[in-house]
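Grab a pencil and work through these exercises one at a time. Try each task yourself before you read its solution.

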Amino acid sequence: MSTDRVVDVVVLGAGFAGIAAARGIKNAGYKVITLEARDRIGGRAWTSELSGTKIEYGATWIHWFQPFVWQEFLRSGLSLHEDPWFPPITLHEHGKARPLDFDHFRERLSIGWNAFAKTSSDGHLLERPYQLEELEAAEELDSLSVQDVIDQLDIDDETKLLLSSEIAVQMNAHPKDVSYLSQLRWWSASGWDVALMIDCLARYKIESGMSDLASAMASNADLDIRLQHVVSEVLQSPNSVEISTTEGKKIRARRVICALPFNCLKDLSFTPPLAAEKHALSQEEHAAKGMKLLFKTVGEPEGHAVIAGPGEKPINLLNPIRVEGIERLYVGFGTDGTAFDPNNLEEVNRVLADLHPELEATDAAGHDWHNDEFSRGTWHMPKPTQNIRTLQAFDAPEHRVHFAGDYLGRGWAGFVDGAIESGIRTADEVIEALRKDKQT
Ligand SMILES: Cc1cc2nc3c(=O)[nH]c(=O)nc-3n(C[C@H](O)[C@H](O)[C@H](O)COP(=O)(O)OP(=O)(O)OC[C@H]3O[C@@H](n4cnc5c(N)ncnc54)[C@H](O)[C@@H]3O)c2cc1C
């Protein structure tokens, strides 16, 4: 790459946001190059295999209530797989384990969620998930933590425990570290209904994997994606931006779309520096640094689901998600990504034995998204005050540098859907800017 040639747009990062943005720019007739640090595209969506069974280290489930990713799924021609529903559940509560009926679980969860979200005959706290800025009480709701609200709830202990366990899975972080508004956004986007929310979060996935969806989007647009290009510097001059990589390559563009994860923004050197609030937010990071565990068992007749309250066990929820003959694939989530090594079978089996005596893994895996320098966390989960501050601070580009990512999704922030939505909107913003650049 030479510094002399100026391309129209360089996109940083080939996750769903970067791919959607690059496709929009390319389809508008501009020259666009995407620089990706890893040796693969897809970012926090990564399909792999565990002893012959497809697994997703990262993003997995999609739903038709997530309009942007659903549209991509329909266009891709890929097939959908429905994960099996919960088998008998074991609940861990104050050091003891007991069986829990699924219908009872869902009923308590519905009561808990409606109390948590303060559902009333006047309607919902967040009526329009895509228009947070029009919500008068938005800043106040954003200033509270999930823990603040759970502590104040006037509901029975069992309902509180089930609600806290389920929300812990959704947050992938401790409830004191997450904004109340972050969870209200999920509740609102899934129609204020527990059954629908669980469907949106963990029922339908792409049979051949999310990496195939990323590839379909990139290859249909014939994108120019340069892998193993780790961007280190963004240097703006009046009419262009120079991007440098750690390998010493340089590329110049009229406009840049930075589609890196929120927690990685602080690793880039921006000249001039980012505006104060963008800089502050990037240093703070978002809260989700938890664990996703995948493992296989052989020969279990029914399978087991396990639920444990926050802090009770390293895993808050376990559920079998695929049955193939006598093999089962399980997924588990916990709030501490460093609690144990999901790739160490012995360690995994120690954790499982404590969750259910009949659970024994034959193989296990998980990716350390927490220590991965190109993600530094799992899905975007804003801390108290960060929802509103992020939308306000990143509303404007930094001169010729624009931003996209799951953290800027107006509806499903923290999801593939939000990443695609943001990429599409940012591409439109940049196309408009390129047209104006030409006129001046
Ligand atoms: C364990 C886990 C489970 C999840 N489950 C779901 C789910 O079921 N459903 C769902 O919708 N979402 C889920 N998510 C969230 C989803 O993965 C993300 O919201 C979405 O993939 C984010 O897309 P993005 O393009 O904004 O960011 P990313 O996918 O992170 O893409 C950013 C890209 O930037 C690259 N990059 C970083 N630094 C540099 C650099 N210096 N130079 C060049 N490139 C760089 C990265 O390698 C990456 O490819 C999950 C995430 C995780 C981690």
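**Exercise 1.** In which loop is R376 found?

*Solution.* Before starting, note that this is a predicted model, where local features need pLDDT of at least 70, side-chain atom pairs count only at pLDDT 80 or more, and totals for chains, interfaces and linings use all residues. Residues are numbered from 1 along each chain as its sequence is written.

Step 1: find the elements, which are DSSP runs numbered from the N terminus (helices are H or I with at least four residues, strands are E with at least two). R376 sits in the loop between β19 (363-365) and α12 (386-393).

Step 2: check the backbone. R376 isn't a glycine, yet its phi is positive, about 55°.

Step 3: check burial. A residue is buried if 20 or more other C-beta atoms lie within 10 Å of its own, exposed if 12 or fewer, and partly exposed in between, with C-beta atoms placed from the backbone. R376 has 20 C-beta neighbours inside 10 Å, so it counts as buried.

**Exercise 2.** Is W192 buried, partly exposed or exposed?

*Solution.* Step 1: locate W192 in the loop between α7 and α8.

Step 1: look at phi, which is near 55° for W192, a positive value in a residue other than glycine.

Step 2: count neighbours. W192 has 19 other C-beta atoms within 10 Å, so it is partly exposed.

**Exercise 3.** How are α2 and α13 oriented to each other?

*Solution.* Step 1: read the geometry. Helix α2 (residues 67-76) packs against α13 at an angle of about 90°, and their axes are 7 Å apart.

Step 1: classify the angle. Under 35 degrees counts as roughly parallel, over 145 as roughly antiparallel, 65 to 115 as roughly perpendicular and the rest as oblique. α2 and α13 are therefore roughly perpendicular.

Step 2: list who touches whom. F68, V69 and E72 of α2 meet V416, D417, I420, E421 and I424 of α13.

Methods: Axes fitted to C-alpha atoms, helices over the stretch in contact; angles between N-to-C directions. Contact = placed C-beta atoms within 7 Å.
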